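User: I've got a model open and I'd like to learn how to read it. Could you walk me through it, feature by feature?

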Amino acid sequence: MDIKKLIYKSPALAGDYPDFKVETAPDDPFETFYEWFGHAVEAGVLEPSVFMFSTVDEEGAPSSRIVNLRDMEDDGFIIGSNAESRKGQDMESNKSVAMTFYWREVGRQIRITGHAEAAPEEVNRNDFIRRHPASKALSLTAKQSFELGSMEELEREMREAARLVEENPEAFKTWTLYKVVPSEMEFFQARKDLVHTRLKYVRVDDGWEKLLLWP
Ligand SMILES: Cc1cc2nc3c(=O)[nH]c(=O)nc-3n(C[C@H](O)[C@H](O)[C@H](O)COP(=O)(O)O)c2cc1C
């Protein structure tokens, strides 16, 4: 299996990318994020809200998975998941997390590191109530990331959970919103000539410090 051949057939960073003028970048990284997100939507980036979310367990072992961005507040980014999942358990014992967006159509990467805060139960319950019935049913099985015996077991339990949701649309178990409060945010704009632009924001006492990084 010569995967190198296949890799060379589809080179990375081959797009026609926008400019990123660091001199005029906002002082607040949330503003930069909002600008970049809006640009991604306008540029037709596929699934811009989907990103890699990384957690660390109590022994220091990292793990990553794709999740959806649900919202952005003045001080953090909101995601939703099940508290009993691997990531949920990781965040229970170790609040350190990282978010990585890659928007390949525009050659942009955003890296965010910080800590996660779980929302209070009341907020989670209200969010759960507004979710799609299928998402509710999946969440009601409350076994995310546990070993599954067979696909039949999944289908059987999903049917049972869907019935419970129909009976009681407010049934609620482990659905949890987490806010990621960043300590660092880095904006990477790729260039074909590899003179990439990297702007990093680091949280300081009275706001954010901006610095350029070597690509
Ligand atoms: C496009 C996409 C979006 C996803 N969004 C979420 C999400 O918002 N929340 C979530 O818990 N899992 C989401 N998942 C599933 C996760 O990638 C993962 O399989 C699941 O959360 C279990 O991860 P864990 O075992 O590391 O906790 C998504 C998967 C994909 C492919």
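User: Let's start at the ligand. How many nonpolar, polar and charged residues does the shell around the ligand have?

Analyst: Sorted by class, that shell has two nonpolar, six polar and three charged residues. The classes work like this: Ala, Val, Leu, Ile, Met, Phe, Trp, Tyr, Cys and Pro are nonpolar, Asp, Glu, Lys and Arg are charged, and the others, Gly among them, are polar. Before you go on, note that this is a predicted model: local features need pLDDT of at least 70, side-chain atom pairs count only at pLDDT 80 or more, and totals for chains, interfaces and linings use all residues. Residues are numbered from 1 along each chain as its sequence is written, and side-chain values use heavy atoms, with hydrogens and water left out.

User: Which residues are around the ligand?

Analyst: A residue is near a molecule if one of its heavy atoms lies within 4 Å of it. Here that gives R65, I66, V67, N68, G80, S81, S85, R86, K87, Q144 and S145.

User: How much of the ligand does the protein bury?

Analyst: Areas like this come from the Shrake-Rupley method with a 1.4 Å probe; for residues, only the protein chains shown count as cover. Taken alone, the ligand exposes 620 Å², and the protein buries 64% of that.

User: Now salt bridges. How many does the structure hold?

Analyst: The test is a side-chain nitrogen of Lys or Arg within 4 Å of a carboxyl oxygen of Asp or Glu. The structure holds 13 of them. Take D75 and K179, whose side chains meet at 2.9 Å, N to O. D75 is in the loop between β3 (71-73) and β4, while K179 is in strand β7 (residues 175-189), so this pair ties together parts that are 104 residues apart in sequence.

User: Are D75 and K179 buried or exposed?

Analyst: Buried means under 20% relative accessible area, exposed over 50%, and partly exposed in between (1.4 Å probe, protein chains only). D75 is partly exposed because its relative accessibility is 34%, and K179 is buried because its value is 16%.

User: Where do R163 and E160 lie?

Analyst: Both are in helix α6 (residues 151-167), three residues apart, about one turn of the helix. R163 is partly exposed at 40%, and so is E160 at 38%.

User: Which residues are linked with D127 in a network of salt bridges?

Analyst: R70 and R130 are linked with D127 there. The D127 to R130 bridge spans 3.8 Å, N to O. D127 is buried, at 7% relative accessibility, whereas R130 is exposed, at 64%.

User: One more residue: what is H196 in contact with?

Analyst: Contact means heavy atoms within 4.5 Å. Leaving aside neighbours within four places in sequence, H196 touches L13, F188, Q189, A190, R191 and P215. H196 is in the loop between β7 and β8 (197-204), and counts as buried because its relative accessibility is 12%. A polar atom of the H196 side chain lies 2.9 Å from the backbone nitrogen of R191.

User: And how many helices and strands are in the chain?

Analyst: Six helices and nine strands. Of the chain's 215 residues, 40% count as buried.

Note on methods. Helix = DSSP H or I, 4+ residues; strand = E, 2+ residues; numbered from the N terminus. Polar contact = N/O pair within 3.5 Å; in protein donor to acceptor, adjacent residues only side chain to side chain.
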